[in-house]
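I opened the model to look at ring contacts and at one helix. My notes are below.

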Amino acid sequence: MAIRQISMFVENKKGALAHVLKQFSDNGIGLRAMTIADTRDFGILRVIVDDIEGAEKALHDAEIVYSVNEVIAAEAADVPGGLASVLNFLMDEGIDIEYTYAFVVESGDRACAILRVSDVVAGEEVLSKAGVPLVTEDEILRI
């Protein structure tokens, strides 16, 4: 049930992020979620898109180096502490959280947390047992 996320280094210079996003736009690829963590020289851009194969082709054609990783998409209540409760289930079972980002699906109701964890299969099992709804790649595409 894991979903695929594209990660790439983006130089920390004017227009670099716009260049990557233009590749998606020019090829009709829609963003569903995005985060970027930056340092002085570069950023790590992570995206969930509505057409992973199309995005890979667009990036390849533009000679942009990327990787595809599996992540968990978990539903969390859109209330204070909603994401914390999801993370606590993983922490309590010793699943390391490498990073996370989230977006609101329905304000005041549902949010979606993208989770990169040390063991995706074990993380999904822990969350499922805890009753946390997991979001499939197909569901992400329909958002």
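**Ground rules.** I worked on a predicted model, where local features need pLDDT of at least 70, side-chain atom pairs count only at pLDDT 80 or more, and totals for chains, interfaces and linings use all residues. Residues are numbered from 1 along each chain as its sequence is written, and side-chain values use heavy atoms, without hydrogens and water.

**Rings.** I looked for Phe, Tyr and Trp rings (the six-membered one for Trp) with centres within 6.5 Å; planes under 30 degrees apart are stacked, over 60 edge-to-face, the rest tilted. I found one aromatic pair. Strands are DSSP E runs of at least two residues, helices H or I runs of at least four, numbered from the N terminus.

**Exposure.** I used relative accessible area: buried is under 20%, exposed over 50%, partly exposed in between (1.4 Å probe, protein chains only). Phenylalanine 9 is exposed at 58%. Phenylalanine 42 is partly exposed at 32%.

**Charge over a ring.** The test is NZ of Lys or CZ of Arg within 6 Å of the ring centre and within 35 degrees of the ring normal. The charged end of arginine 46 sits over the ring of tyrosine 99, 3.6 Å from its centre.

**Helix α2.** Which residues are buried in α2 (residues 52-61)? I noted Ile52, Gly54, Ala55, Ala58 and Leu59. On the other side of α2, Lys57 and His60 are exposed. Just after α2, glutamate 63 takes a positive phi of about 60°.
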